[in-house]
Amino acid sequence: MNNQLLIKEKLQARLENIQSKSDGSPITDLQLDKTLAAEIEQLTTELESVNPNLNPLLYATSLLEGAWQLQYSTAREIRSLVSLPLGLKLGKVYQVIDVANKLFFNLAKVKHSLGLVSGYVKVTASFEPAKEDLEPLQNKRINVYFDKRYLSIEKIVGINTPQLNPFKVVPANNPTSRTATLDITYLDETLRIGRGGDGSLFILTKSHDLPDFTSSI
């Protein structure tokens, strides 16, 4: 077994161990002790150093395509979702990418701890490869332009509520003084690692359990 697979298996084992208590919702560094968070960061950095697809926007777009489930993040927006008010709990979080049309959406499933309400928050966006001064080819960075935010309630006490799906659509927030960016720092058939412009970390695995949303970008 090569070094890349060994590091990947070690990282995935750590993530699966902490994920076993989360009902599929992403884990953030604030939920872990500092030693474990540092170990995940170290394993992530090691895996990024043996990335098999250094130019994903040129040579691995087929791997980017489709639905990804967020497993771990240090991003502020994910940290805030973990602590929802009114008894609401974050469920699985997905990102669905349409490479040909340069579109994607982020989808966060939400439910009440007593099962009273379930729904989701969806944010649509477009992207384009970023041309760096020192990188004439499309390398690993994309510029992100958020479009709309959808707030939806799918069920109330188990009853479908199509009239509330969505109940609110508003413009999504973009940074005021900069363009949001994401570096794709590791990519293979089942795992993707990204770094936001602020250094935030996103670790995602390829997903095949989101049939209702994959065609709704």
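## Basis of the description

Because the model is predicted, local features need pLDDT of at least 70 and side-chain atom pairs count only at pLDDT 80 or more, while totals for chains, interfaces and linings use all residues. Residues are numbered from 1 along each chain as its sequence is written, and side-chain values use heavy atoms, with hydrogens and water left out.

Helices (H or I, at least four residues) and strands (E, at least two) are DSSP runs, numbered from the N terminus.

## Helix α2

Helix α2 covers residues 34–48, which makes 15 residues. From its first C-alpha to its last it reaches 21 Å, close to the 21 Å expected at 1.5 Å a residue; the expected span is 1.5 Å times one less than the number of residues. At the N-terminal end, D33 caps the helix, with a side-chain oxygen 3.0 Å from the backbone nitrogen of T35.

Which residues of α2 are buried? They are L36, A37, I40, L43, T44, L47 and E48. Here buried means under 20% relative accessible area, exposed over 50%, and partly exposed in between (1.4 Å probe, protein chains only). An α-helix has 3.6 residues a turn, so residues three or four places apart point the same way. On the other side of α2, K34 and T35 are exposed.

## What α2 packs against

The buried residues of α2 pack against α1 (3–19), β2 (66–73), β9 (180–187), β10 (191–196) and β11 (201–206). Contact means heavy atoms within 4.5 Å.

T44, in helix α2, has 0% relative accessibility and therefore counts as buried. Not counting residues up to four places away in sequence, T44 touches L11, I193, R195, L201 and I203.

## Nonpolar cores

A nonpolar core is a set of buried Ala, Val, Leu, Ile, Met, Phe, Trp, Tyr and Cys residues joined through side-chain atoms within 4.5 Å. The largest one has 24 residues, and L187 and F202 touch the most other members. Elements giving two or more residues to this core are α4 (61–64), β2, β3 (88–98), β4 (103–112), β5 (117–129), β6 (141–156), β9 and β11. Of these, β9 gives the most, with 4 residues.

Leaving aside neighbours within four places in sequence, F202 is in contact with residues including L70, Y72, L182 and I193. A second, separate core has 17 residues, among them L11, A37, Y72 and Y186.

## Salt bridges

The structure holds 8 salt bridges, each defined as a side-chain nitrogen of Lys or Arg within 4 Å of a carboxyl oxygen of Asp or Glu. In one of them, the side chains of R14 and E39 meet at 2.6 Å, N to O. R14 lies in helix α1 and E39 in helix α2, so this pair ties together parts that are 25 residues apart in sequence. R14 is partly exposed at 28% relative accessibility, and E39 is partly exposed at 28%.

D29 forms a salt bridge with R79, and the closest N and O atoms are 2.7 Å apart. D29 lies in the loop between β1 (27–28) and α2 and R79 in helix α5 (residues 76–82), so the pair ties together parts that are 50 residues apart in sequence. D29 counts as buried at 18% relative accessibility, whereas R79 counts as partly exposed at 29%.

E41 forms a salt bridge with R195, with the closest N and O atoms 2.9 Å apart. E41 lies in helix α2 and R195 in strand β10, so the pair ties together parts that are 154 residues apart in sequence. Salt bridges that share partners join E41, E48 and R195 into one network.

## Backbone geometry

Most residues other than glycine have a negative phi, and most peptide bonds are trans. A cis peptide bond joins N165 and P166, with omega about 5 degrees. P166 is in the loop between β7 (159–160) and β8 (168–171).

K102 is not a glycine but has a positive phi of about 55 degrees. K102 lies in the loop between β3 and β4 and is partly exposed, with a relative accessible area of 37%. V157, also not a glycine, has a positive phi of about 40 degrees. V157 lies in the loop between β6 and β7 and counts as exposed at 54% relative accessibility.

Notes:
Polar contact = N/O pair within 3.5 Å; in protein donor to acceptor, adjacent residues only side chain to side chain.
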